[in-house]
Amino acid sequence: MSEEKKRSLLLAGGGLKVAFQAGVLQVWLSEAGLRFDHVDACSGGAFNLALLCDGRTGIEIADTWRRMRPLDGVSFSGRGLLRGDSIVTMDGYRQVVRGWGLDWDRIRASSVDATFTVHNRSRAARETFAAAEMDEDKLVATLSQAVWFPPVQIDGDYYTDAVFDTDANVDAALEHGADEIWVIWTVSRRPEWMPGALAQFFHALEVSANGTLASDLERIRMNNKVPEVHFERHVHAKVLRAEVATHYLALFNGDRLHRAVEQGVRAARAWCDAQGIPYTPIDRSHFYDTGVVLRFSDHLHGRLRGRPAEADLQLVVADAGAFMNAGCQRVEVRGTVTSSFLDGAATVEEGYADILLDVRSQAVTVDDGSVLEADDGVDPTRKLMTYVLHLRTPTGRAVTFLGVKDVSTPTVSTAAREAMTMSCRILDGWVGPDDDAPELGTGLLWMGFRDVASQLVGARASGPTLKAEAAGLARYGALFAGSLWDVCARKVLTYAPF
């Protein structure tokens, strides 16, 4: 690290969305070898900081989340519900922390200059605990969100999650002399306001957290105009933002949590590419291997260039575990596309499909010299299914079939229809989806409800045990249903819990 710069890393809160943060830490700490002079954490980010102070590497922190099951942290509070104190207890999260094997003596002796931010309700003030002061109660206090969890009483004072005070403690970084402040931010900034008390509680949290961060970043901009008046030095803030498709708390699906980790890995690598930071990727694709192969059929009919057409396709998922978790939903495609436009039944000699992908726009990076803001660019509320098929017609001609299903309308009936409708193009020769090639024709294919039922009934799995096969099929069903939920059931719950 340059001697001229002192870096602080702020592990912002975000409930279970901070699984994304763990993926970023894999890249920044283990793949790029970045070092930070100070680290502060708020809310859920404190769990990642505790792992860091325990001596875990970035890859070890990410692997901890790859193994985590969200249900392990859930412990409902019957007495709390009756008294109106809290919905859940912290017992489940205490068990999770103990399962991680945190060594509090090692954490208190950590060489990491770390601070854990909480809110002291008794004194109506923000407080930070140094690593040397930490124990299980203080860690749990960082996540003790009002309404959901009871406060933690320490030395006669009540402590809670600091999110309504700050979700990224910029002041802690400034007090530690930071010239650069790096922030990993997963609190949603979607321009929506959903009905219901549950959604609006979290909207209020988002208003507070995003507003405080915006105010802190503006303070940095104002400082840099006249540094000697404010912080007495130029400060550069770097914020990596992402919309992460998990709910803050209402999540019971491990695959969805693990996909958030992999989203963080991809976002951090894109960040490093944009900033010119070298890194050596660490392949963790084998982490999710189950040995279960899934096979599905797609039967569609419609028209290609005005002529009747139908497609009989078989989709092969090479490994169910990697497919569900890794975030790269690519499958092999076999079969035929039949139309007089193609001189009969054209055979798929090579083909693949990307299934239920979050739409990723061009990542946006803005740097005004004081604040660099990078947005991961992912929109989890819109899903794409894209097909690239290299066909050989009966006459021997090579053509490419490009198909797209775009699921983006937030109503159940329309989203279901979009998931069953494919717009397609036929290009001359075997080319890629972004290659410039002559277009021979376009068309529209669709599935009927009978075709969908046949697909579901005809799904097959092969694996080491019947239990593993059944689990693979069930997880695929959860992935498909949950992905559609993200588009059309957001008024019920922002992201699918299962």
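The legends below accompany close-up views of a predicted model.

**View 1. The largest nonpolar core and the surroundings of Trp 28.** The largest nonpolar core holds 95 residues, and within this core Trp 28, Trp 65, Leu 139 and Ile 181 touch the most other members. When neighbours within four places in sequence are left aside, Trp 28 is in contact with Leu 9, Gly 33, Leu 34, Phe 36, Trp 182, Ile 184, Leu 240, Ala 268, Trp 271 and Cys 272. In soluble globular proteins, nonpolar side chains tend to be buried together.

**View 2. The packing of helix α3 against helix α10.** Helix α3, which spans residues 58–67, packs on helix α10, which spans residues 254–275, at an angle of about 155° and with the two axes 8 Å apart. Because angles over 145 degrees count as roughly antiparallel, α3 and α10 are placed in that class, and their crossing is left-handed. From α3, the contact is made by Ala 62, Trp 65, Arg 66 and Arg 67, and from α10 by Leu 257, His 258, Val 261, Glu 262 and Val 265. By class, the residues in the contact of α3 with α10 comprise five nonpolar, one polar and three charged.

**View 3. The burial of helix α3.** Helix α3 is mostly covered, with eight of its ten residues buried. The buried residues of α3 are Gly 58, Ile 59, Ile 61, Ala 62, Asp 63, Thr 64, Trp 65 and Arg 66, and the elements that cover them include α1, α2 and α10. Trp 65, buried in this helix, is also one of the residues that touch the most other members of the largest nonpolar core.

**View 4. The crossing of helices α1 and α2.** The axes of helix α1 (residues 19–31) and helix α2 (residues 45–53) cross at roughly 35° and come within 10 Å, and the crossing in which α1 passes α2 is right-handed. The contact brings together Gln 21, Ala 22, Leu 25 and Leu 29 of α1 with Gly 45, Asn 48 and Leu 52 of α2. Four nonpolar and three polar residues take part in the contact of α1 with α2, and no charged residues do.

**View 5. Met 134, a buried loop residue.** Met 134 is placed in the loop between β4 (125–130) and α7 (136–141), and its relative accessible area is 0%, which means that Met 134 is buried. Although Met 134 and Arg 108 are 26 residues apart along the chain, their C-alpha atoms are separated by 6.3 Å. Apart from neighbours within four places in sequence, Met 134 is in contact with Trp 104, Ile 107, Arg 108, Phe 116, Phe 129 and Leu 139; of these, Leu 139 is also among the residues that touch the most other members of the largest nonpolar core.

**View 6. Positive phi values at Glu 232 and Arg 305.** Most residues other than glycine have a negative phi. Glu 232, although it is not a glycine, has a positive phi of about 65°; this residue is found in the loop between α9 (197–225) and β8 (236–241), where its relative accessibility of 66% makes Glu 232 count as exposed. Arg 305, likewise not a glycine, has a positive phi of about 50°. Arg 305 lies in the loop between β9 (293–304) and β10 (307–317) and is exposed, with a relative accessible area of 55%.

How values were computed: Residues numbered from 1 in each chain as written. Predicted model: local features only at pLDDT ≥ 70, side-chain atom pairs only at ≥ 80, totals over all residues. Heavy atoms only, no water. Core = buried A, V, L, I, M, F, W, Y, C linked by side-chain atoms within 4.5 Å. Buried < 20%, exposed > 50% of the residue type's maximum accessible area, 1.4 Å probe, protein only. Contact = heavy atoms within 4.5 Å. Axes fitted to C-alpha atoms, helices over the stretch in contact; angles between N-to-C directions. Helix = DSSP H or I, 4+ residues; strand = E, 2+ residues; numbered from the N terminus. Parallel < 35°, antiparallel > 145°, perpendicular 65-115°, else oblique. Left-handed = near helix turned anticlockwise from the far one by under 90°. Nonpolar A, V, L, I, M, F, W, Y, C, P; charged D, E, K, R; others polar.
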